[in-house]
Amino acid sequence: MRPELLAGPDEPTAAEPVANAPPAEQASPVSPPVEAPAPRRQPPRIVVPHAPAERAAAARPVVAAPPPARGNGGPNVRATLAPLADADSTRAREIAALDWQSLQAAVTGCTACGLCKTRTQAVFGVGNPQAELLVVGEAPGAEEDRQGEPFVGAAGKLLDNMLAAIGEKRGERVFIANVLKCRPPGNRNPQPDEVLQCAPYLARQIELIRPRLIFAVGRFAIQTLLQTDAPVGALRGKLHQVNDIPVVVGYHPAYLLRNLPDKARAWRDLLLVQQRLRELAATER
Ligand code: SF4
């Protein structure tokens with residue numbers, strides 16, 4: 001596969017907001033609900049402070065060994081989801097106990113932050129709830145808000161091309177979600193209180209999906225997941241961890257649409273995703 005395969009068909013020339021996709025003209029229905037995940041392998045339980053002792057005892061890593069250093073030689077980040085899960089919050093503890101359908105329903109009807117007043121609908125995510133690969137972006141854009149699905153429009157097409165370049169496809173072994181489930185007005189940056197309220201949903205999605213690998217795209221998603229202020233350039237090209245789940249970071253497709261020279265770097269990120277997925281699959285045989 002060649003880096004030019006990452007090129008999207010509708011690349012804009014004007015600067016595009018951080019959101020997943022530029023707006024389109026037509027509304028379409030909410031994406032269909034996805035099946036509840038069936039048990040597949042021992043989950044990498046999210047160990048949160050103050051959780052019941054038995055829950056912590058049940059923690060079992062998917063990847064026992066620490067990830068190897070790669071890329072630009074900087075430190076690899078090893079984070080936990082505890083700060084995102086906000087375990088001290090009663091609401092967060094309730095979210096952490098939800099099954100897949102209940103979680104979807106909770107997101108759909110959520111009014112925990114002010115974004116519920118301006119959204120068309122909450123965007124839970126799309127794909128296989130038993131996905132091997134979880135793609136995490138920032139927040140819905142205008143078109144995602146209309147369609148109820150993350151990464152649609154030009155940026156979504158580019159993401160699909162990126163996945164196809166490594167033999168993956170939306171809805172097959174992939175689940176796609178955002179840190180925020182509702183669109184910030186005008187595609188502004190998410191606010192800390194919005195992240196605080198919404199991140200427990202992503203933490204629970206990660207716990208239920210139990211992906212082999214997370215591919216975080218865009219500065220906001222990367223820094224939120226890894227809980228770091230480090231720039232994307234310093235984090236690319238190496239393996240990080242959230243709890244015991246490996247994390248590869250990369251550019252957001254919307255960014256790539258307006259920064260063509262970075263597509264070659266994006267290709268290297270995808271190769272790292274592909275390589276690590278193959279390594280993880282081999283270790284589980
Ligand atoms: S952004 Fe998240 S916390 Fe805020 S209303 Fe939407 S689902 Fe709820």
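Which residue follows H8, and is its phi positive or negative?

1. The residue after H8 is Gln-227, and its phi is positive, near 55 degrees. This is a predicted model, and the points below should be read as comments on a prediction.

2. Helix H8 itself spans residues 219-226 and is mostly covered, with seven of its eight residues buried. Those buried residues are Arg-219, Phe-220, Ala-221, Ile-222, Thr-224, Leu-225 and Leu-226.

3. The ligand has 14 residues around it, of which Cys-110, Cys-113, Cys-182, Gln-197 and Cys-198 come nearest. By class, the shell divides into 10 nonpolar, two polar and two charged residues. Helix H7, residues 192-209, gives the most to this shell, with three residues.

4. The largest nonpolar core has 71 residues, and the members that touch the most others are Leu-134, Val-136, Ile-214 and Ala-216. H7 gives the most to this core as well, with seven residues.

5. For Leu-134, leaving aside residues up to four places away in sequence, the contacts are Phe-175, Ala-177, Ile-206, Ile-209, Pro-211 and Ile-214. Ile-214 is itself among the core members that touch the most others.

6. Ala-165 lies in helix H6, residues 153-165. Ala-165 counts as partly exposed because 19 other C-beta atoms lie within 10 Å, where a buried residue would need 20 or more. Ala-165 also pairs in space with Leu-270: the two are 105 residues apart in sequence, yet their C-alpha atoms are 8.1 Å apart.

Methods
Residues numbered from 1 in each chain as written. Predicted model: local features only at pLDDT ≥ 70, side-chain atom pairs only at ≥ 80, totals over all residues. Near = placed C-beta within 6 Å. Helix = DSSP H or I, 4+ residues; strand = E, 2+ residues; numbered from the N terminus. Nonpolar A, V, L, I, M, F, W, Y, C, P; charged D, E, K, R; others polar. Buried ≥ 20, exposed ≤ 12 C-beta atoms within 10 Å, placed from the backbone. Core = buried A, V, L, I, M, F, W, Y, C linked by C-beta atoms within 7 Å. Contact = placed C-beta atoms within 7 Å.
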